[in-house]
Structures are given as structure tokens and as C-alpha cells.
Amino acid sequence: MTSKRVGFVGLGLMGAPMASNIAIAGWDVTAWNRSGAAFEGLSGVRRAAAVAELRDEDTIIFMLPDLPFIEEAAADLLESWRNKAPRPGTAVVVMSSVSPTAVQLFGDTVHEASGGNAAVVDAPVSGGTAGAHSGSLAIMVGGTQSQFEALKPLLETMGTTVRRMGPLGSGSLAKACNQLIVGTTTAALAEAAELAERSGMDVRALFEVLSGGLAGSRVLENVGPRLAAKDYAPTGPAKFMHKDLGFVLTSAQAVGSAVPMASAAIDLYAELKRQGLGDQDLAVVRQAIANLSLSPAATSNSN
């Protein structure tokens with residue numbers, strides 16, 4: 001990157017700390033968010049009145065829930081570029097969890113609208129809100145090698161593990177694989193917790209001993225305490241896991257890969273949404289399992 005001008009769209013639970021870390025690292029950050037409340041206490045980040053105001057930034061990052069939200073937010077920006085093309089080398093970085101195939105189509109749209117002067121790079125993240133605040137996210141990048149090298153200093157303000165996975169769409173496929181592991185592991189831990197408690201076992205003690213053996217994992221370390229405490233205050237809505245597992249199934253169908261674990265998990269997270277639990281934390285999958293259980297237990301959705 002020849003300069004440090006960045007536009008940022010979407011200051012939610014993840015986006016706000018990510019934008020803040022970019023600014024702290026010395027970049028000139030201008031952001032847009034639907035709600036102005038997101039700017040309260042967010043120092044070093046200027047507010048744009050519209051996404052189209054970011055048209056001349058060297059890089060524009062989108063951190064919205066899914067690609068349709070990004071396409072809607074970017075509509076006026078792309079129209080502005082159709083009227084007057086941006087500078088060559090402008091980067092549009094999709095850091096949300098989106099469909100690997102759909103982000104490639106979005107890349108075609110941006111290329112056309114910008115007269116070939118702007119290109120999309122997908123760079124979804126893993127690490128949750130804790131990683132967003134600490135700047136320790138894992139970032140999975142889909143783009144050319146030259147795009148990756150140009151963006152790497154910026155991405156390293158937000159993450160400690162930044163890797164190019166392949167061409168556009170590869171970052172989103174890597175994130176889908178990540179979510180396959182996180183979603184199924186969390187569900188397995190939730191099942192174990194519910195089974196153990198209903199059998200009279202201390203779930204915290206179970207998770208402590210599991211963490212010292214082969215079952216130990218970063219998922220157990222991060223989500224285990226919330227599962228044990230039945231703490232479902234959202235660090236990220238559970239309903240997004242259902243969306244992400246859908247990307248796993250679509251990608252698997254495209255290459256003929258069997259994904260029995262993802263198929264089972266997407267049904268469970270669909271049930272979680274049907275139970276009205278989708279806005280709570282991913283750990284609420286334990287409550288969904290408890291609601292499916294045949295016998296009553298001291299499990300309630302009080303959090």
C-alpha cells in the first residue's frame with residue numbers, strides 16, 4: 001500500500017474494535033455505520049455520512065453480517081464509480097463470513113463498476129470479539145499474491161495470523177471450514193455438558209479434565225466456560241453459524257465432497273433458530289439440546 005487511507009463499513013461487535021485497532025496502528029480511518037451510536041467512544045475514526053463518501057479511499061473494508069448486506073451498502077459506492085472510476089489498485093476487502101461463490105460474483109460486479117480499477121479480496125476472520133479487541137484475529141485471505149502483499153500490513157493491525165489461502169473465494173472457503181469445526185465441536189461439547197449434568201456430574205470438572213487430554217481445544221478453552229455456566233450473552237449471534245454451515249454444504253456439493261458432520265450440525269442450528277435462540281451466543285446450542293431432551297433437568301433459558 002502506498003498510503004494509509006482506509007474506509008470501513010460496519011461497526012458492530014467485531015467491526016468497531018477492528019476499525020479502532022487500524023486507527024491505533026496509524027492508519028487514517030473513515031467509517032460508515034447505519035447507527036451513529038457505534039462512533040461513541042471510538043477514537044481516531046472519522047464518520048462518513050454515506051458509503052459513497054469512501055469512494056476515494058485506497059482500501060474499503062466491509063464487515064457486515066452477510067454479502068446481501070454488503071451489496072446493499074455498496075450500491076451507491078458502485079454507482080459513483082460507474083460515473084467516475086476510482087484510482088487503479090483500489091481494494092474492496094470483504095471481511096465478513098460470506099459464500100465463496102457469491103463473493104466471486106461480487107468481485108465481477110466491482111470490477112465492472114470500477115472500470116477494472118477496483119478489485120475484491122475476501123479476508124474473513126476467526127477469533128471472536130476477544131480476538132477483534134486484542135488484534136489477534138486469524139485472517140484468511142483470498143486474492144492474488146500481489147494483492148495479499150499490498151494488504152498484509154493493514155491486515156496485521158487486526159490479526160496475528162494472516163495467510164493467503166488462494167484466489168478470490170479461497171478465504172471464504174477456509175472460513176467455512178473453520179466454522180464446520182467450531183460449530184460441530186461446540187455442539188459436541190454442549191451435548192457432553194448436558195449429558196454430564198443430567199447424570200449428576202460437575203460440568204466444570206469434566207471440561208477441566210477434558211482440556212488436559214486429546215479432547216482439549218481452543219473451542220473448549222473459549223466456549224467451554226460459557227457452556228458450563230449457561231452464559232448465553234452474545235459475543236456473536238448463534239444464528240450466523242447456521243448461515244456459515246450453509247456455505248459449507250454448498251461448497252461441498254460443488255466438488256462432490258461428503259460432509260456428514262456439517263449436514264447434522266446445520267439441522268441442529270436450524271432447530272436452535274426455530275426455538276427462538278438465534279440472537280444469543282453460540283453456546284446457547286446447549287439450551288437447544290436441553291429443549292430437545294426427553295427428561296426435565298435444571299436447565300433454563302434464563303440468560
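Helices and strands are named here as DSSP runs numbered from the N terminus, a helix having at least four residues and a strand at least two. The structure is a predicted model.

**The largest pocket**

The largest pocket has a volume of about 1400 Å³. Among the 50 residues that line the largest pocket, Met14, Gly128, Thr129, Thr235 and Gly236 lie closest to its centre. At least two lining residues come from each of H2, strand E7 (125-126), helix H4 (128-134), strand E8 (137-142), strand E9 (159-166), H6, helix H8 (218-229) and H9. The make-up of this lining is set out below.

| Class of lining residue | Number in the largest pocket |
|---|---|
| Nonpolar | 23 residues |
| Polar | 20 residues |

**Helix H3**

The buried residues of H3 are Pro100, Val103, Phe106, Gly107, Val110 and Ala113. These residues cover an arc of only 135° around the axis, which means that they sit on the same side of H3. In general, an α-helix has 3.6 residues a turn, so residues three or four places apart point the same way.

The buried residues of H3 pack against helix H2 (67-83), strand E5 (90-94), strand E6 (118-122), helix H6 (170-198) and helix H9 (239-255), whereas the face turned away from that buried side carries the exposed residues Leu105 and Asp108. Just after H3, Gly115 adopts a positive phi of about 65°.

Methods: Residues are numbered from 1 along each chain as its sequence is written. This is a predicted model: local features need pLDDT of at least 70, side-chain atom pairs count only at pLDDT 80 or more; totals for chains, interfaces and linings use all residues. Side-chain values use heavy atoms; hydrogens and water are left out. Buried means under 20% relative accessible area, exposed over 50%, partly exposed in between (1.4 Å probe, protein chains only). The arc is that of the directions from the helix axis to the C-beta atoms. Contact means heavy atoms within 4.5 Å. On a 1 Å grid over the protein atoms alone, a cavity is a set of points where a 1.4 Å probe fits but cannot get out, and a pocket is an open set with protein on both sides within 12 Å along at least five of seven lines; lining residues have an atom within 4 Å of a point. Grid points are joined across faces, edges and corners, and a volume is the space filled by probe spheres set on the points. Ala, Val, Leu, Ile, Met, Phe, Trp, Tyr, Cys and Pro count as nonpolar, Asp, Glu, Lys and Arg as charged, and the others, Gly among them, as polar.
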